[in-house]
Amino acid sequence: MRRRATFSRRSRTALAWAAGLFVAGQLVAGLVLDYVFPLTRFPSAGQVLDYAASEPSPPAVVFLGSSRTGTGIDVAEANRVLAETGRQPPPRVINAAVPAGDALSAEFVFTHLLEKGAKPAWAVVEVSPEALNVRSPFMKEHAVRQLNWEDVPTRLGDILRSQAGWLYLESRMLPVYTHRRQLVREAKDGVRRWLPDRAAAKTAPATKAPADPVADKKAAGALDWDAIIRARPNPTPDERLEMSRIGAQMVVRRWLRDYRPAGPAAVSLERLLARCRVEGIGVMLLAVPACSAHRAEYTPEVEGAFRGYLDRVVAEYGCRFVDARDWVPDEMYVDALHILPENGKAFTERLMREVLVPSMR
Amino acid sequence: MFPGRMLFTTSNFFGFFAVAFAVYWLLGRHRWRLVWLTAASAFFYMCWNPWFILLILASTSIDYFVALRLVRVTSPVARKWLVALSVTVNLGILAGFKYAAFALETTREVTHWLGWTLPVEPIKAFLPLGISFYTFEAISYVVDVYRGKTRAVRNPLDYALYILFFPHLVAGPIVRPNDFLPQVARPKRFDWPRFQAGVQLFLLGLFKKAVIADQVALAIDPVFAEPAKFGTAALWLAVLGYAVQIYCDFSGYTDMALGLAHTLGFKLPNNFNAPYLAASPADFWRRWHISLSRWLRDYLYIPLGGNRGGPVRTMVNLFITMLLGGLWHGANWTFIVWGAYHGVLLAIQRLIPKGWDHPALRPIGMFVTFLLVCFGWVLFRAQTLADARTILRGMVTPVTGAELAGDRALLVLVCVFVTLVGQALGQLRRSPRALFRVPAPVAGVAMAAALTLALVLLPAGGRVFIYFQF
């Protein structure tokens, strides 16, 4: 009986140690990720920043926003138009858009760009009614990628309102589980760098190396938007229109519920604009192209509130607003939200020639 | 209504188990606990496909009633007919789902080769999860009742729990009625050391699965997908890697199942005992998938005559047993040839004189057995017999081709080393009580580290266990 009690006590102690160490380990790992390796939590931002660091000089223009800016801005075309200005060295742009991005992620990326010395002359910041709604459509992504412990007092309400509570809890309590794919990827990259890989050239017959990977990467921009968007192969124009219509009704309508331009995205946007004013960086707020089904979801009330908010912001921070929502015909979209990356060239050329290059003069 | 498939490594399952475990121990009465556990097990199974629960209920109902009838019937002929009915129904269902498509396809190929065209369209195989395992459990129950080795259970709930108990339902171990049914009857008391043992076993299994098996699989899968493109070194590494992968995957699953059962107060039979330290093919089958080996011995090999009919008859019986054991794994020629290969190995072993099992020769026996088992794994893993031939030819005659990248090769070698050393260390443990002699903080650190590492390496969505396909 006494021996049984001893075993029982020892088991409880061992299990308590295991639970305590596990929880403590997760908390410490979470703090390390939050403050030492924040880009491990936000790998697409890391790729953008790596790209910026590989540029020979600070960019003339930085595009900040979501995948809609990512697919809409053709970096090669933008650089070509800027090269026509004849400036030496030719000014260059960086497409710093990230998937599921809004003003919160834009502020994060922009702050890190400035820290790395990539201070642009101009920042083009994507805005849209849905991304400025009080209930942020991307709060689940922010909970995983950006929000830290110190955001609990200020953001908890937004997180719960956006139904991101479970993900936020998981990313706080089990950070090594939440970010395991990126952690493993970075560990593998570390091992590969460390190992003399004599067999690398002979391996992986399925992978095809581009002729000049650096040049290809530079032409495409920081992220491979073709791979991110994963367009269906060869949809007919009718199929595309139908996908846009269904997408607008299913996604955009939900995002615009209880519309009020406020909340975390609006706070971040205004903080970003204030920073730009301090740094002397010109800002253009760009309402990116939206297909007609998408635009049809903007009721007069939504549109009025959105424009009213922007009028105030433009006046307060001395920036410019460009409404390009109807610049691209419907057949150029892959779904309700995105222009096909190959169709971004015409939009980019028009934006650069009609808006940005004149502004930069 | 159902949250999706319940792999032991997914958050779905963790949520399910947390509720099942908490309610189970909160219920005061033993009968209520059994009802709850049976209902939870049925829910667990229905999360994979709700309709297949009907199949289990139908087949096991027949076995339940046949067993009750066997108690009452005294005529030997009638008793034989009753057992034959139960076995035929069970094997009929298994054959219908598992082998009908394969048999039809083989018949079509043979008739096509003979120049005829069979006027039947091919059918698509659709395998209910765990059918191979619960069919064998049901057969062993009826046969044991017939033999008088076990008593027929009166309460259908007890029998339902024997079949449905979720830790062993989908991939074993194959539980015997004499091992499990007495545990069902015994009231349970929560016991901290047993709970700790269960947690440790579960974590050990999770570690084997996530940290070793799934990582090795990522490294070697490309080789088995296109073996003709790879050179001799890559083929050897892939085969060694697969030996480790299948062991860690299946024994990892078994450890998790045993651990879960322990936390609920049940003990399932162990399925592995350092199989890669076996010194002969027969020794290997005493250590690998032990519950299947014993089932095949008791319900197939011995009824066939075992070793009672002289050396030749013994070898034939061994061959037939292993051939059918291979077929049990799947409706594919690779499994049949794999079973036949092990049958031949066991038969050849009978021809070797006794002196060869001297302890001094044991390391040589272990090395040769490991190599022979690895050659067998080629047949087991290859997608076709032609692929198996390509791999085996590439292993024994040097061929040039792509190699595994340095990090992947290193990963495979490290995992092979860790697995073999782990098996050797496992043999040194003399007593299960040794677990509790480890200082509590050390045990705590080991558990926390294993869980953390496993969580980091868990694949997104969970990778299915290899034996789920059988």
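Val278(A) counts as exposed because 8 C-beta neighbours lie inside 10 Å; a residue is buried if 20 or more other C-beta atoms, placed from the backbone, lie within 10 Å of its own, exposed if 12 or fewer, and partly exposed in between. The model is predicted, with local features needing pLDDT of at least 70 and side-chain atom pairs pLDDT 80 or more, while totals for chains, interfaces and linings use all residues. Residues are numbered from 1 along each chain as its sequence is written, chains are lettered from A and ligands numbered from 1 in the order in which they are written.

Val278(A) belongs to helix H15 (residues 263–279) of chain A. Helices (H or I, at least four residues) and strands (E, at least two) are DSSP runs, numbered from the N terminus.

Chain A also holds an open sheet of five strands with parallel pairing, in the order S2-S1-S3-S4-S5. Two strands pair if DSSP finds at least two bridges between them. At the edges, strands S2 and S5 of chain A each pair on one side only. Strands S1 and S3 of chain A pair in the parallel sense over four bridges, and Leu64(A) stands opposite Val125(A) in S3(A).

| Strand of chain A | Residues |
|---|---|
| S1 | 61–64 |
| S2 | 93–95 |
| S3 | 122–127 |
| S5 | 320–323 |

In chain B, helix H10 covers residues 192–225. Of the 34 residues of H10(B), 28 are buried, so this helix is largely enclosed by the rest of the structure. H10(B) bends by about 40° at Ala219(B), and Pro222(B), a proline, follows within four residues; the bend is the angle between axes fitted to the seven residues ending at a residue and the seven starting there.

Note on methods
Expected span 1.5 Å × (residues − 1).
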